[in-house]
Amino acid sequence: MNKYEIKAIILSSAVLAIFFFAILYNLFARKIDVPACIPYDAAFQQSAVKKTDDKHYEVYVIAKMWTFDPAEIVVDPGSTVDFYLSSADVVHGFDIENTSVNMMAVPGAINKVTVQFNDYGTYRIVCHEYCGAGHHNMMGKVMVMPTN
Amino acid sequence: MTISDSYRKTILTGLFMPMTLFILGAYNGVMQTLYRAGVINQNEVAGINYYQGLTMHGVINAIVLTTFFAVVFGHVTMSHYLKKEPPKWSYKISMVLMVAGTIIDTVLMILGKAQALYTFYAPLKNSPLFYLGTSLLIVGSWIAFFGWIQVYTAWRKENRERKMPIAVLGTFVNFTMWFIASIPVAYESLVILLPWSAGWTNDVNVPLTRMLFWMFGHPLVYFWLLPAYIAFYTILPKVSGGKLYSGNAARLAFLLFLILSTPVGVHHQFSEPVMGQGTKLWVSILTYAVSIPSFMTAFTVGASLELAGRKRGGKGLFGWMGKLPWFQSGNYLVGYFLSGLLLFIFGGLSGIVNASYALNQMVHNTGWVPGHFHMTVAGPVLLVILGMSIYMYSKVAGKRIRFLTIVTIVPYIWMIGVALLSHGLMAGGLMGEPRRTNLGMTYTNPQSDLFNSHWIPSTSMAMIGGILMGVAALLYFISFFATALSKKTAVPQIELPEAEELHEERPVRLLHNMRPWIIASVVLTLITYVPSLQNVFKYSKPVPGKFSTDSPVNETNIHNNKTAADEKPD
């Protein structure tokens, strides 16, 4: 290995260090994080949409072959939503378009992510993990509109 | 070197059989792009449904073809460099197990008894025999490795002063890493899933099976890739007319793969519950680290090619690129290697996106992911497999390559096809297009309520790429099988182009001893996976669940109800 080889290694490490700094910046300064772990409890096997205060919802979603329960979730514009996700049968995916919500629904485990919906509209939820013959029919919706 | 009859037959079987199955694998790949573009709005074509076809495409192309190639290429490199045949028991038993496992899996996939994709995620259930077949294939590849260790030990005794050849080091690194990484999946398949699928147990800890799968699933991609790296370091500099820029750099790159390949599997699970954020961040760092040997390879192989281009009269900053032996039928291997390397630039860079912790949320399980890995596994990996398979077949069988012009242009058509396919998949992925989904039934079918017009241009682009890849594959098959079925014209032998090193470098002791690297690999794997395992047991519970792909009914319950009914007194 000569000096050019060493330079190439240092340069590529430096590029990766910059990328890693970008990850840390987004994680700590902008709070962009991966889904969180919640210890499993059978109580999460009950779907629900709870409005905890003016601008805050807790949504408990159960993915099952081949639908989401609830299939349509309505929230107020500008609200913050905690999604708790589990599966009643096999592994499913849960990807809400135009948001950073992208999780796996795994039986025997609970996935959690928090997201804010500012813009009015319908956001499709697509199951993106193969879950059997009806996988391509499995879609839900988040509708952001005034609820009262 | 000339070889015995039985060794020759083993090598030829190991090349011919997976290539025959690859016809099925490639056909199903092309079909998927037609379904996804909405050209086909059906569940199945010619008796193979979309997901069954996807399972075949994954299992045949990514496990069967790649494992056979790694073993056969390993046999050829060992024998070429050490001038010995491995012990007969090892190559015979290895090939018999691999062929048997493959036949079991193929029959089950054709019958539709195994269609839970190549990741076989529980609680979707395959026939218990599928898990057995896959295990036989993997164990078969171990046995070839055990034979090489014996050959190498004998060679070492006779050649105390010589360095371990780079190709031998690469092969040993690859199979050591493969052996370590396939223990978890062997445990998953044989201890957890096989009894569960056979009906002897009911509960399954799904997060545990997923963790064990990806402990194997990511090293698997390096297992595909390292034979290609061996070819880039030890064959490409020779056939392009240059020399290997640095042998020590090549050794270091391989050894870094040995320590970093296994502990990075968790980066497939960034979107899952159960693994803690700390583990995920740590694995992001490790995955960045494993890209360093690839950056080094880009530099060393690039420098070796530049030497070749300049020797051929290339001038200026980029002039040497044009002087490389593109499109030369006497030197067709170069086309396969260069096309693969060009794709791999983009394959590697897109992989860094996937590795980047929360950035993965934008692309996880969307079309982006197959877009990325088609530029790796269907890029350098497959192109080296195709180029070297026909090369080795013609040498070992002693046959002249038929339709040499076709063989020469195939890699370029393939490269353009992959570029279009991956561009379509990645563009669609950024718009949320899911992978592993029969889009033609709903999302790209104007008759459906779920129709999404945004995904039409991207899936159409992927389809054009897929068709081009299909054309390239068809042309290749014509030439490969015409060669394989032609008459013998020369003495069968094992022979590989052998690159020289540019400088005689001072040997670095650490780069000639695998032991510390193996220990580091095990330690790093433990540091990563002990906390992961603790998380699995802390955050998840086993659930009773067993599902066929075509029904939402839990078979565990049916079974329990039946037993309860049977036990009721009349």
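## Model and domains

Domain bounds here come from an automatic or database domain assignment. On that basis chain A splits into domain 1 (1-33) and domain 2 (36-144). The centres of domain 1 of chain A and domain 2 of chain A, taken over C-alpha atoms, are 34 Å apart.

This is a predicted model, in which local features need pLDDT of at least 70 and side-chain atom pairs count only at pLDDT 80 or more, while totals for chains, interfaces and linings use all residues. Residues are numbered from 1 along each chain as its sequence is written, and chains are lettered from A and ligands numbered from 1 in the order in which they are written.

## Confidence in chain A

The predictor's confidence in each residue is given as pLDDT, from 0 to 100. Chain A has a mean pLDDT of 93, with 100% of its residues at 70 or more. Helices (H or I, at least four residues) and strands (E, at least two) are DSSP runs, numbered from the N terminus. Among the elements of chain A, the mean pLDDT is lowest for β1(A), at 86, and highest for β7(A), at 96.

## Contact between the chains

Two residues are in contact if their C-beta atoms, placed from the backbone, lie within 7 Å. The contact involves 49 residues of chain A and 59 residues of chain B. On the side of chain A that touches chain B, at least two residues each come from α1 (3-28), β1 (36-38), β7 (92-96), β8 (102-105) and β9 (110-117). The largest share, 11 residues, is supplied by α1(A).

By class, this side of chain A holds 28 nonpolar, 14 polar and seven charged residues. Ala, Val, Leu, Ile, Met, Phe, Trp, Tyr, Cys and Pro count as nonpolar, Asp, Glu, Lys and Arg as charged, and the others, Gly among them, as polar.

## Backbone geometry

Chain A has a cis peptide bond from A:M65 to A:W66, with omega near -10°. A:W66 sits in the loop between β3 (56-64) and β4 (67-69) of chain A. Another cis peptide bond joins A:D69 and A:P70, with omega about 0°; A:P70 lies in the loop between β4 and β5 (72-75) of chain A.

A:K31, a residue other than glycine, has a positive phi near 60° and belongs to the loop between α1 and β1 of chain A. A residue is buried if 20 or more other C-beta atoms lie within 10 Å of its own, exposed if 12 or fewer, and partly exposed in between, with C-beta atoms placed from the backbone. A:K31 is exposed because it has 9 other C-beta atoms within 10 Å. B:F327, also not a glycine, has a positive phi of about 50°. B:F327 is in the loop between α10 (319-323) and α11 (332-355) of chain B, and counts as partly exposed because it has 13 C-beta neighbours inside 10 Å.

Chain B contains 17 helices and four strands. Its C-alpha atoms fill a box of roughly 85 × 55 × 50 Å along the principal axes. Of the 570 residues in chain B, 58% are buried.

A nonpolar core is a set of buried Ala, Val, Leu, Ile, Met, Phe, Trp, Tyr and Cys residues joined through C-beta atoms within 7 Å. The largest has 219 residues, and those with the most contacts inside it include B:A231 and B:F337. Helix α6 (residues 206-234) of chain B gives the most to this core, with 20 residues. Another core, of five residues, lies apart from it and includes A:V34, B:F270, B:Y357 and B:A358.
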